[in-house]
Amino acid sequence: MVVEMHAGLASDGGCKLKMLLTYVDSLPHGSEKGIYYALDLGGTNFRVLQVQLGGKGSNILKQKVEKQPIPQELMTSTCEKMFGFIASKLKQFVEEDEESREGTIETRALGFTFSFPVKQSSVSSGVLMKWTKGFSIEDAADRDIVACLQEALTKEGLNMQVAVLVNDTVGTLALGHYHDQDTVAAVIIGTGTNACYVERTDAIIKYQGLLTNSGSMVINMEWGNFWTSHLPRTSYDVELDEDSLNRTDQGFEKMISGMYLGEIARRVLFRIAVESEVFGDVGSKLSQPFALSTPLMATMHEDESADLREVKRIVEQTLQIPDIPLKTRRLVVKVCDIVSRRAARLVAAGIVGILKKIGRDGSGPSTSGRPKGQLMRTVVAVEGGLYEGYSMFRDYVDEAIVEILGDVAQNIFLKTTVDGSGTGAALLAAAHSSNRKSYI
């Protein structure tokens, strides 16, 4: 992981890790004050948020969130129509809020979480690389996505300035840092996976001329695409990749994220069914790709009943295999355990890779200038349904970090955040709106 991180920082396209510059050089730290807004667009719904900050150390006075569905026809329409719709809903949200408060606000700062592939050129601009998640708006290709939004806001008469453009991982880091300034990285472990961290600008070789006031910048790793020959794959991993729509891409994600763990377990169980008689008739749903979801796999794995009744129920109802004996139910639990434990240990190895890169694993001098051997408190913000909702998965991550780092692990803390992507974007708007000329 560390070798690939160095390669990605040295040149674009030098490795599977994209190591994208975010231009975020200021993270919120708790003294921010005022009212800030955020727009979170990452799928078929978008959210608008208002966050009121009171300063005085990590104090969010008030937060308001509203979720809005995007009409399906707009997902394949034009840039003007889609962002016009979003801007109109944002205006309605802002006006309803201001009616409840006396006085008027001059220029409002907006944080924009946009969870689609973007190549950024500054903290508040970025060109759309491609649409995903069912969107296909052709006239948005190669356009500055912030300019599209800003134009729509102006047409709606909204006196609002997009202060930052971020993805959900960076938003999670911002929220983590707002509450705890020892937060140096963030990891999303949900349906998909990604990570970002704070890097020294002098270590970003591919943009060596870039200077920031803080001397550091958040790097979006896009670690779901990480791959190395040192990462052992099983026949199940190879076959899953070959059957996927994005062959040879997102190799790390396919081994650790919620979209794929249930499918890996299903493939193992199906092979057992084909090569033995423990499941009886193989003509069940066990042969259908993605018939077993990761949440159901987690439920079976964490079944603590003496007769494993939840395992029996899920195998019967979801996989349509009746009357499996207790011995076979235990075998199912064992498969779920092996798949989830491997994924959790790979997540832990990835996290330690980040900490090693920035000198926080106890093996070398840290970025803060402390001498070797002096242990530092280090926090990694973690968000995502797989991590938050799967207790045994979390335990295996912790177990592996201790195994890799030994005594150093007592200074490493994984902290879950809630709604990091939206709230974090508003906090970053606060951190950056007063410092728009960060770059020299």
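The model is predicted. Helix α4 is mostly covered, with 10 of its 12 residues buried. Helices α8 and α10 cross at roughly 120°. Two residues that are not glycines, aspartate 142 and glutamine 250, have positive phi.

**Helix α4**

- Helix α4 runs over residues 168-179. Its first and last C-alpha atoms lie 17 Å apart, close to the 16 Å expected at 1.5 Å a residue.
- Asparagine 167 caps the N-terminal end of α4. A side-chain oxygen of asparagine 167 sits 3.2 Å from the backbone nitrogen of threonine 169.
- The buried residues of α4 are Thr169, Val170, Gly171, Thr172, Leu173, Ala174, Leu175, Gly176, His177 and Tyr178.
- Histidine 177 belongs to α4. Its relative accessible area is 12%, so histidine 177 counts as buried, the cut-off being under 20%.
- Histidine 177 touches Leu27, Pro28, His29 and Thr183, leaving out residues up to four places away in sequence.
- Glycine 30 is 147 residues from histidine 177 along the chain, yet their C-alpha atoms are separated by 8.5 Å.

**Helix α7**

- Helix α7 spans residues 261-275 and has 15 residues.
- The buried residues of α7 are Leu261, Gly262, Glu263, Ile264, Ala265, Arg266, Arg267, Val268, Leu269 and Ala273.
- The cover over these buried residues of α7 includes α5, α6, α8, α10, α11 (385-389) and α12 (391-405).

**Helices α8 and α10**

- The axes of α8 (residues 294-301) and α10 (residues 326-357) come within 9 Å. The crossing of α8 past α10 is left-handed.
- From α8, Met297, Met300 and His301 take part in the contact. From α10, the partners are Val332, Val333, Cys336, Asp337, Val339 and Ser340.
- The residues of this α8–α10 contact divide into six nonpolar, two polar and one charged.
- Glycine 353 is also found in α10. At 7% relative accessibility, glycine 353 is buried.
- Glycine 353 is in contact with Met1, Val2 and Met5, leaving aside neighbours within four places in sequence.
- The C-alpha atoms of glycine 353 and glutamate 4 are separated by 9.9 Å, while the two residues are 349 apart along the chain.

**Loop residues with positive phi**

- Aspartate 142 has a phi of about 60°. Aspartate 142 is in the loop between β7 (125-128) and α3 (145-155).
- Aspartate 142 has a relative accessible area of 65%, so it is exposed, the cut-off being over 50%.
- Glutamine 250 has a phi of about 55°. Its loop joins α5 (235-243) and α6 (253-256).

**Threonine 113 in strand β5**

- Threonine 113 lies in strand β5, residues 108-114. Its relative accessible area is 0%, so threonine 113 is buried.
- Beyond residues up to four places away in sequence, threonine 113 touches Leu39, Asp40, Leu41, Val166, Asn167, Asp168, Ser421, Gly422 and Ala425.

How values were computed. Residues numbered from 1 in each chain as written. Predicted model: local features only at pLDDT ≥ 70, side-chain atom pairs only at ≥ 80, totals over all residues. Heavy atoms only, no water. Helix = DSSP H or I, 4+ residues; strand = E, 2+ residues; numbered from the N terminus. Expected span 1.5 Å × (residues − 1). Buried < 20%, exposed > 50% of the residue type's maximum accessible area, 1.4 Å probe, protein only. Polar contact = N/O pair within 3.5 Å; in protein donor to acceptor, adjacent residues only side chain to side chain. Axes fitted to C-alpha atoms, helices over the stretch in contact; angles between N-to-C directions. Left-handed = near helix turned anticlockwise from the far one by under 90°. Contact = heavy atoms within 4.5 Å. Nonpolar A, V, L, I, M, F, W, Y, C, P; charged D, E, K, R; others polar.
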